[in-house]
Amino acid sequence: MVPPLALDIDGTLTTAAHRIDPRVFERLPEWPAPIVIATGKSFPYPVALCHFLGIPERVIAENGGVVCADDHLAFQGDREVAEAAIELFGERGGDLGWGDADTTNRWRESEIAASMDADEDLLREVAAEFDLEVVDTGYAYHLKTPGVEKGDGLAAVADLLGLDPSAFVAVGDSENDVSLFETAGESYAVGNADDRALAAADHVTDASYFDGTLSVLESISE
Ligand SMILES: O=C(O)COP(=O)(O)O
Ligand SMILES: [Mg+2]
């Protein structure tokens with residue numbers, strides 16, 4: 001039996017150039033078990049990815065702040081507190097780094113993300129004043145409610161699908177995947193993963209980015 005999958009996006013389904021690896025469009029639609037896309041990106045991104053892959057919209061977005069599967073939608077976390085902290089961040093000279101349109105946060109429900117160019121020390125300073133945490137995915141800093149995690153999202157989606165979370169194989173690359181690795185039955189960090197993901201994973205692939213993920217798909221479908 002081929003297992004269901006919980007897949008991170010950035011660093012896991014992408015190339016080193018941050019693009020979705022084109023082989024994702026070959027391999028994921030043909031996977032014979034459920035796939036849950038689990039990302040720190042805002043809600044529309046994984047929904048659009050599922051839509052264009054032609055697979056059911058089973059997604060965990062915003063690091064667990066949004067969970068959507070099989071016509072069930074749930075939110076965790078408090079965007080308003082994150083906004084208040086970002087207002088103070090701005091007053092102290094901080095800039096999220098996304099420009100005026102800020103398409104990174106425009107559709108974000110439960111947290112606020114800052115670009116890797118933003119002042120990390122200042123962000124952590126204001127986060128502490130609002131009892132928020134900063135998660136560094138290597139692609140953005142996420143200012144979020146502590147305790148909102150991808151792993152809880154996976155438990156919720158598994159429940160909706162009538163599956164045990166331990167049935168899932170998870171693949172990811174960064175600290176926001178640690179809870180996913182702890183919840184899934186088997187976890188893989190791709191070769192480009194950060195130290196926290198490497199330490200939390202059951203296995204580490206030799207290859208990086210989607211090459212690493214593809215090696216997992218090949219080994220577990222044999
Ligand atoms: O949004 C991010 O910062 C990273 O996204 P990811 O969880 O899909 O890697
Ligand atoms: Mg990632």
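In this predicted model, 16 residues of domain 1 are in contact with 14 residues of domain 2, where contact means that the C-beta atoms of two residues, placed from the backbone, lie within 7 Å. The side of domain 1 that touches domain 2 has, by class, 5 nonpolar, 7 polar and 4 charged residues. Here Ala, Val, Leu, Ile, Met, Phe, Trp, Tyr, Cys and Pro count as nonpolar, Asp, Glu, Lys and Arg as charged, and the others, Gly among them, as polar. Domain 1 is made of residues 5-75 + 148-220, and domain 2 of residues 79-144; these bounds come from an automatic or database domain assignment. The C-alpha centres of the two domains lie 24 Å apart.

Residues are numbered from 1 along each chain as its sequence is written, while chains are lettered from A and ligands numbered from 1 in the order in which they are written. Because the model is predicted, local features need pLDDT of at least 70 and side-chain atom pairs count only at pLDDT 80 or more, whereas totals for chains, interfaces and linings use all residues.

Next comes the ligand. Ligand 1 lies between domain 1 and domain 2, because both give residues to the shell around it. That shell consists of Asp8, Ile9, Asp10, Gly11, Thr39, Gly40, Lys41, Thr137, Tyr139, Ala140, Ser174 and Asn176, and a residue is placed in it if its C-beta atom, placed from the backbone, lies within 6 Å of the molecule. By class, the shell holds 3 nonpolar, 6 polar and 3 charged residues.

Strands are DSSP runs (E, at least two residues) numbered from the N terminus, and two of them pair if DSSP finds at least two bridges between them.

How many bridges join E6 to E8? There are 3 bridges, and the two strands run antiparallel; Ile112 stands opposite Leu143 in E8. E7 and strand E8 (residues 141-144) also pair in the antiparallel sense, over 4 bridges. Leu143 in E8 is the bridge partner of Val134, and Asp136 stands opposite Tyr141. The hairpin of E7 and E8 has 4 residues between the strands, and in it Gly138 takes a positive phi near 90°. Along E8, Tyr141 and Leu143 point one way and His142 and Lys144 the other way, yet all are buried, a residue being buried if 20 or more other C-beta atoms, placed from the backbone, lie within 10 Å of its own.

E4 pairs in the antiparallel sense with strand E3 (residues 59-61) over 3 bridges and with strand E5 (residues 72-75) over 4 bridges. Val67 is the bridge partner of Ile60 and stands opposite Ala74 in E5. The hairpin of E3 and E4 has 4 residues between the strands, with Glu62 in the turn at a positive phi of about 55°. In the hairpin of E4 and E5, 2 residues lie between the strands, and Asp70 in the turn has a positive phi of about 45°.

Methods
Buried ≥ 20, exposed ≤ 12 C-beta atoms within 10 Å, placed from the backbone.
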